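Here is a short walk through one protein chain, meant for a reader who has not seen it before.

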Amino acid sequence: MSTFLNASPIFGPVRSRRLGLSLGVNMMPASGKICTFDCIYCENGLNAERPCHEPYNTAAVVLDALEAKLREMAAEGELPDVITFAGNGEPTAAPEFPQAIAGAVALRDELAPNSKIAVLSNGTRADRPEVHDALMMVDDNILKLDTVDPAFIQLLDQPVGPYDVEHQIETFASFDGHVIIQTIFLTGEYQGKLIDNTGEEYVAPWLAALERIRPQEATIYTVARETPVAGLAKAAPEVLDAIAARVQALGIPCQVSY
């Protein structure tokens with residue numbers, strides 16, 4: 001099915017369902033995908049379909065492009081609501097991610113003081129001290145936790161390498177609330193197996209993880225674009241609303257994107 005890659009090192013701005021006018025920062029090259037997950041719903045396609053033979057962008061390349069774009073947008077009178085580190089894969093895996101964040105914060109303070117800085121991450125590098133420190137510098141540290149069921153994680157997110165969800169929960173909790181947990185809920189079928197994390201056997205343990213993490217917010221969403229595999233479908237709005245109500249009952253704000 002139709003998927004796409006983002007321009008690099010800057011893409012957009014685009015209107016995000018969750019973030020407003022978002023200016024994207026891509027630590028990956030435009031020619032391929034580099035990710036520590038291989039999610040079957042990823043809008044950038046599966047890793048094997050988007051092989052990348054170029055290195056991550058350096059902080060200098062990213063920051064030069066970001067400064068130029070912010071100056072251009074300022075001249076046009078419309079700065080972004082948020083500067084979002086995302087792109088074609090996992091931004092925190094880039095060797096110079098911490099330096100890029102530090103530089104982006106300085107540029108934001110100088111050129112776009114009302115803009116937030118966000119990172120969309122699967123969290124697989126969040127336990128590294130230098131990455132952890134960088135994520136503490138941003139306004140919206142958005143980390144993924146689609147489920148706490150190990151088998152379902154392997155089916156849905158397909159981590160590249162070892163992945164211990166208990167360790168991830170502990171890492172997310174170590175941000176002391178400076179974290180937004182992002183979760184996709186969806187239904188369907190893949191490789192003859194049911195894909196549905198909206199049932200109680202998945203939702204209740206996920207809620208228990210949120211209680212441990214105590215994020216500043218949770219954001220839940222569902223399939224919005226074409227996916228690289230067939231058979232996936234949206235979770236119903238009423239299902240998302242019911243899950244959000246349970247999050248809010250824990251005293252955690254919850255944003256829903258249908």
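This is a predicted model: local features need pLDDT of at least 70, side-chain atom pairs count only at pLDDT 80 or more; totals for chains, interfaces and linings use all residues.

Three strands make up an open sheet in the order β8-β7-β10, and their pairing is antiparallel. The edges are held by β8 (193–194) and β10 (232–234); each has a single partner strand, so one side of each has no neighbour in the sheet. Strand β7, residues 186–190, runs antiparallel to β10 and is joined to β10 by three bridges. In one of the pairings between residues, Gly188 has Leu232 in β10 as its bridge partner.

Now turn to the aromatic side chains. A pair of aromatic rings is described by the distance of the centres and the angle of the planes. The count of aromatic pairs is four. Among them is the edge-to-face pair of Phe37 and Tyr163, with 5.4 Å centre to centre and 65 degrees between the planes. Phe37 sits in the loop between β2 (20–26) and α1 (59–76), while Tyr163 sits in the loop between α4 (150–156) and α5 (165–173), so this pair ties together parts 126 residues apart in sequence. Phe37 has a relative accessible area of 2% and is buried. Tyr163, at 18% relative accessibility, also counts as buried because the cut-off is under 20%.

Phe152 and Tyr202 form a tilted aromatic pair, with 4.9 Å centre to centre and 50 degrees between the planes. Phe152 belongs to helix α4 and Tyr202 to helix α6 (residues 200–213), and this pair links distant parts of the chain, 50 residues apart. Both Phe152 and Tyr202 are buried.

Note on methods
Residues are numbered from 1 along each chain as its sequence is written. Side-chain values use heavy atoms; hydrogens and water are left out. Two strands pair if DSSP finds at least two bridges between them. Helices (H or I, at least four residues) and strands (E, at least two) are DSSP runs, numbered from the N terminus. Rings of Phe, Tyr and Trp (its six-membered ring) pair if their centres lie within 6.5 Å; planes under 30 degrees apart count as stacked, over 60 as edge-to-face and the rest as tilted. Buried means under 20% relative accessible area, exposed over 50%, partly exposed in between (1.4 Å probe, protein chains only).
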